[in-house]
Amino acid sequence: MIREIRLLLGDQLNPQHTWFEDKREDVLYVMMEIRPEYEYVIHHIQKITGIFAAMRNFSDWLEEEGHKVRYLKINDQDNAQSFSDNINSLLEKTEAEKFSYLEPDEYRLDELLLDYCKQLDIETEMHAAEHFLTDRQDVKAFSKDRKSLIMEYFYRNLRKKYNVLMDDGDPVTGKWNYDQSNRKKLPKGHEVPKPITYQNDLTEVYEDIQKAELPYIGEIQPNEFIWPISPQQATQLLDAFVEKMLPNFGRYQDALSDDHWSLYHSRLSFALNTKMLHPLQVIEKVEKHWRQNGDEADIAQVEGFIRQILGWREFMRGIYWMKMPEYANMNFFEAENDLPEWYWTGETKMRCLSKAIGQSLEHAYAHHIQRLMITGNFALLAGVEPSAVDRWYLGIYIDAFEWVEITNTRGMSQYADGGIVGTKPYVSSASYVHKMGDHCKHCHYDHRKKTGEGACPFNSLYWHFLDRHREKLESNRRMAMMYRVWDKYSDDKKDELRNQAETYLSQIDQL
Ligand code: FAD
């Protein structure tokens, strides 16, 4: 007889959770594919397919392990397409006296389930999700009595707490941070290993999505789905990353390339964010590899990688829980422009943008510098309204879940939070794009030209951005040098730059 119903969300696929240690006859796990979760923004087809496939695999695994599972597929007749209606119907059909769920990572779902529980007249419980290395409120607690929120100190604290890359209480090699040695572009002729991909046949899942007529963007090869869809595949991807990519991860972490869509990046974010992979599993594997093969993957590579997971990932989650729901409405620069139409097609003459967007549509993936310094940078310079930017990022990337998407997009990339995540806006002219890669070589525009025929739009838009937001930015010490440069320009030159930028802004869909 079923006494307890336990809900598992699509991003809660952690096989190591303590819930699964006991096989209880009186517990029914429920998992569901429901329309509203795939309609509130338009998602990439690979994201929907990947999540459904990973959920279905997880449900099969639970059953093989001897657990009872009710899995509702998107087209099932008795799927009422809502969490509450589906659970109500199971409560009616069983003798359940308790409803439990795991701590959701998204504010919207957290509220929805809290409200739902208030309506029930049986016992309810929210159980720890047992995934992250910090609690929801840890960043808030850490920042108490500190003037500013700096990821670095939060991260160092976690290194100590989890004894990661530490020797007798000190950082291994005596240094905490290797960012300075990790900013190289790819040398000429450098060969990047082929990305490690799967060829999962997800035709059945894909056809279910077609039949349900869920809206979507992007491309897919359903019989050759490249992303991991089980904890086993996620672990294999991690192992392969450590062997092939880690030795160069940090060094080329910020590089841009016309030929390589993921360079030395791990592409573990989907597996991590759906919880198929535990962050500590990743960190321990990487550290162990370094301790055993120190020469091969030197400390700068390893530290650079661990900092992303132990530092940035945990930090962003903490900011999310500290600042939601206000965070979702922050718009420091009062930006209100539309997202250029070519964000949905990649059809722009700007090579770096067309490459970053094109591969996002093709693979549901772009690496960090493409998200930050290409698509994010341009949207910020073009004054795009942050909610439109958020919707795009939340939809297009396979790893996009609001807690980590919004903090990176609205926070790190758009500075819409006025400096909670970053100490200054991540904006640049074409010189950065040129310095970090080879897109400019293949571009219609000239990265050296600021104005006139063929001038790269990043150049005038950069100065226009600084000029129009002077009041908000000039007191920021990290921006002072750029204002000194601007102030040295003649009035004519300033006007030329302003006019050029305004022309580009007025024709943004044609750029
Ligand atoms: P790698 O470069 O191999 O890094 C390893 C891991 O570190 C990642 O898998 C990720 O778990 C973690 N990580 C790295 N950078 C960050 C970061 N800034 N914040 C949190 N975790 C980080 N990441 C997401 O997981 N989901 C998102 O929706 C998302 N949206 C972003 C939007 C913008 C505008 C920007 C600038 C960044 C965004 N990021 C997001 C962070 C980062 O770009 C991705 O985590 C990374 O590109 C995923 O690819 P990867 O697994 O190959 O990462």
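How many helices and strands does the protein chain have? The protein chain has 19 helices and 9 strands, where helices (H or I, at least four residues) and strands (E, at least two) are DSSP runs numbered from the N terminus. The model is predicted, so local features need pLDDT of at least 70 and side-chain atom pairs count only at pLDDT 80 or more, while totals for chains, interfaces and linings use all residues. Residues are numbered from 1 along each chain as its sequence is written, and side-chain values use heavy atoms, with hydrogens and water left out.

**Figure 1. Overall dimensions of the protein chain.** Along its principal axes, the C-alpha trace spans about 80 × 55 × 50 Å. The radius of gyration of the protein chain is 24 Å, which agrees with the value near 24 Å for a compact globule of 511 residues. This radius is taken over C-alpha atoms, and the globule rule is 2.2 Å times the number of residues to the power 0.38. Of the 511 residues, 58% count as buried. Buried means under 20% relative accessible area, exposed means over 50%, and partly exposed lies in between (1.4 Å probe, protein chains only).

**Figure 2. A negative surface patch that includes Asp-60.** The patch is formed by Asp-60, Glu-63, Glu-64 and Glu-65. Asp-60 is found in helix α1, which covers residues 45-64. Asp-60 counts as partly exposed because its relative accessibility is 41%. Patches are made of residues with over 30% relative accessible area and no salt bridge; like charges are joined within 9 Å, and nonpolar side chains (Val, Leu, Ile, Met, Phe, Trp, Tyr) within 5 Å. Accessible areas come from the Shrake-Rupley method with a 1.4 Å probe, and for residues only the protein chains shown count as cover. Lys and Arg count as positive and Asp and Glu as negative, whereas His and the chain ends are not counted. The place of a charge is taken as NZ of Lys, CZ of Arg, CG of Asp or CD of Glu.

**Figure 3. The salt bridge between Lys-285 and Asp-239.** The structure holds 38 salt bridges, each being a side-chain nitrogen of Lys or Arg within 4 Å of a carboxyl oxygen of Asp or Glu. In this view, the side chains of Lys-285 and Asp-239 meet at 3.3 Å, N to O. The pair links distant parts of the chain, 46 residues apart: Lys-285 belongs to helix α9 (residues 279-292) and Asp-239 to helix α7 (residues 231-244). Lys-285 is partly exposed at 32% relative accessibility, and Asp-239 is partly exposed at 30%.

**Figure 4. The salt bridge between Glu-334 and Lys-472.** The closest N and O atoms of this pair are 3.0 Å apart. Glu-334 lies in the loop between α10 (299-323) and α11 (351-363) and Lys-472 in helix α17 (residues 470-473), so the pair ties together parts that are 138 residues apart in sequence. Glu-334 counts as exposed, with 58% relative accessibility, whereas Lys-472 counts as partly exposed, with 31%.

**Figure 5. The salt bridge between Asp-487 and Arg-470.** A distance of 2.9 Å separates the closest N and O atoms of Asp-487 and Arg-470. This pair links distant parts of the chain, 17 residues apart, with Asp-487 in helix α18 (residues 480-488) and Arg-470 in helix α17. Asp-487 is partly exposed at 40% relative accessibility, and Arg-470 is partly exposed with a relative accessible area of 22%. Elsewhere, salt bridges that share partners join Asp-11, Glu-103, Asp-105, Asp-110, Arg-136, Lys-275 and Arg-317 into one network.

Figure 6. The peptide bond from Met-324 to Pro-325 is cis, with omega near 5 degrees, and Pro-325 is placed in the loop between α10 and α11. Leu-165, a residue other than glycine, has a positive phi near 50 degrees. Leu-165 is found in the loop between α5 (151-161) and β7 (166-167) and counts as buried at 0% relative accessibility. Arg-267 is not a glycine, yet its phi is positive at about 50 degrees. The place of Arg-267 is in the loop between α7 and α8 (269-273), and Arg-267 is buried with a relative accessible area of 4%.

**Figure 7. The loop that holds Leu-120.** Leu-120 lies between α3 (107-119) and β6 (123-127). Leu-120 counts as buried because its relative accessibility is 16%. The C-alpha atoms of Leu-120 and Glu-97 are separated by 10 Å, and these residues are 23 residues apart along the chain.
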